[in-house]
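Open the model in your viewer and keep the sequence panel beside it. This tour tells you what to select next and what is there.

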Amino acid sequence: MFVPPIVCSPESFAPCDTFVDVEARGIVTTFCIVNIPVIGRNLEIPYVAASVALDGADISIFALIQECPPAEARMGMRVEAVWKADGERQGDHEDIQYFRPTGEPDAPQAAYINRL
Amino acid sequence: MTSAARLRNVAIVGFAQLPIVARDEHRMATEMLYPAVRQALADCGVERNAIDYQIAGSTDYMDGRPFGFVAALDVMGSWPARQDLHLEMDAAFCAYYAWVRMQAGECDTALVAAHGKLSEGEPNRVLNLQLDPYYHAAIGLDPASTAALQASAYMARTGATDRDFAEVAARNRAAGARNADAQVRTAATADELQRSPWLVEPLRSAYVPPVGETATCLILAAEGKAEQLCDRPVWIQGVDHRTEMQTLGARDLSRSASTQLAAQRAFTMAGLAGADGIDVAELSAATPAEELILCEALGLDAQAARPVINPSGGPLCGHPIMMTGGIRLGEAFRQLAGRASGHTVAGAKRAVAHGTQGHCLQQNIVWVVGSERRWA
């Protein structure tokens with residue numbers, strides 16, 4: 001199950017033609033702490049960029065982590081998306097502003113080790 | 001390469017393309033390529049594991065992403081991994097590379113894909129960068145301007161007129177109207193086309209292709225495999241490509257010396273003295289001036305009944321960057337394999353397909369293909 005959607009599975013070559021809803025909740029797999037400002041974005045430095053394995057998805061997506069002191073970012077941390085407000089969403093990837101920790105216990109390694 | 005050298009017989013056994021459109025609103029380039037690859041394989045009755053080698057043509061400069069071409073690996077049936085290459089070139093040149101690999105005995109079947117969305121790029125700005133940066137790019141020349149320079153040079157040497165250009169364009173438009181895959185599918189008379197406004201004199205806006213995009217996939221196979229993949233394989237009898245200098249002022253723009261040389265070599269390889277006996281010529285001519293220049297270089301009589309020139313409508317009816325030459329090769333395949341449906345040239349047995357790169361026909365490849373094997 002691919003997020004974002006793609007036209008076919010690279011492995012099996014079968015078409016991917018069924019849309020499935022997933023919740024915008026997942027697990028931080030690998031991540032890094034960035035100390036370089038991004039031109040055109042007003043991000044507080046340093047910030048955390050992470051590869052997030054959404055619940056139910058087979059591959060991870062890249063995401064910004066906020067509302068989390070960078071030193072506390074860790075593999076296995078459970079996170080949830082913070083969306084743009086109603087009326088501001090465009091139907092593109094920027095509709096998700098960032099992911100933040102949910103406060104739940106960390107996921108075991110087995111839950112994400114194959115989705116780094 | 002002399003005609004005495006015996007080469008491996010290789011054939012085109014499949015070709016699939018999506019209709020050329022001004023803009024695919026919903027799909028990325030790779031999403032367009034996937035159905036073309038699946039169709040080409042299905043037409044050959046095989047799965048991806050029948051292919052030994054794959055090569056793709058596209059331009060990262062136009063896509064605006066370095067190494068963006070790797071995204072196509074996902075949709076070319078690349079797993080389990082096989083030998084793969086990407087060229088920043090038209091599929092017609094990628095096919096040549098695959099042919100060379102087959103001659104070297106390194107593979108027996110090859111998939112030649114091409115992709116790209118011109119609607120998402122800035123063609124004039126990017127193609128300006130193909131020019132000499134000091135004297136040509138700096139003054140803002142774009143493909144229409146350089147093509148106009150070439151058209152002007154051709155008119156000066158030969159006395160060709162605006163009417164001559166209009167008639168070439170009208171013939172291509174009539175042909176495109178019969179090709180379900182063309183982008184421009186409305187016929188127009190020379191009178192009508194001569195009333196279109198100047199784009200860059202001496203080229204009218206009706207003499208140049210619109211921006212368009214598609215995705216294409218060719219399948220090549222060597223003798224022994226080709227017969228299993230296609231009921232009427234189209235055999236490669238000769239091929240050659242040559243490059244000229246980038247500097248526009250360093251060469252005679254009114255002629256295509258590299259096409260002439262490539263044609264001589266390709267005809268010789270094919271065991272032919274010249275273009276006699278060619279039934280169809282699919283030429284990557286983006287303007288009527290280019291078509292006339294190419295006909296001269298190939299030794300084709302543009303007024304004669306044979307060869308039929310651009311029965312597909314040619315690039316004037318659809319010019320997707322990096323795919324135009326590949327489509328010419330694919331159209332030659334369709335004609336000889338009996339798959340050209342509404343725009344069939346009856347009884348075609350031998351064809352020339354031409355591809356080009358760079359401004360003013362800087363680099364050219366000439367394919368000679370036929371219904372019979374070249375080498376016994």
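Select A:Pro46. This is a predicted model, and A:Pro46 sits in a loop of chain A, between β1 (25-34) and β2 (47-54). What kind of peptide bond joins A:Ile45 and A:Pro46? The bond is cis, and its omega is about 0 degrees. Most peptide bonds are trans.

Stay in chain A and go to A:Phe13. Find the segment before β1; A:Phe13 is there. Check the backbone angle phi. For A:Phe13 phi is near 70 degrees, which is positive although the residue is not glycine. Most residues other than glycine have a negative phi.

Next, show where the two chains meet. On the chain B side, 8 residues are in contact with 6 residues of chain A. Colour the chain B side by residue type.

Switch to the cartoon view and trace 11 helices and 12 strands. How many residues does chain B have, and what share of them counts as buried? There are 376, and 56% count as buried. Along the principal axes, the C-alpha atoms fill a box of roughly 50 × 45 × 40 Å. The radius of gyration of chain B is 19 Å. A compact globule with 376 residues would have a value near 21 Å, so the two agree.

Look at the contacts inside chain B too. Take those with a separation of 6 or more: 80% of them are between residues 24 or more positions apart.

Zoom in on B:Pro202. Look in the loop between β5 (198-200) and β6 (203-204) of chain B. The peptide bond from B:Glu201 to B:Pro202 is cis, with omega near 5 degrees.

Last stop: B:Met322. Where is it in chain B? B:Met322 lies in the loop between β10 (308-309) and α11 (324-337). Its phi is positive, near 75 degrees, and the residue is not glycine. Around B:Met322 there are 27 other C-beta atoms within 10 Å. Buried means 20 or more, so B:Met322 is buried.

Definitions and conventions. Residues are numbered from 1 along each chain as its sequence is written. Chains are lettered from A and ligands numbered from 1 in the order in which they are written. This is a predicted model: local features need pLDDT of at least 70, side-chain atom pairs count only at pLDDT 80 or more; totals for chains, interfaces and linings use all residues. Helices (H or I, at least four residues) and strands (E, at least two) are DSSP runs, numbered from the N terminus. The radius of gyration is taken over C-alpha atoms; the globule rule is 2.2 Å times the number of residues to the power 0.38. A residue is buried if 20 or more other C-beta atoms lie within 10 Å of its own, exposed if 12 or fewer, and partly exposed in between; C-beta atoms are placed from the backbone. Two residues are in contact if their C-beta atoms, placed from the backbone, lie within 7 Å.
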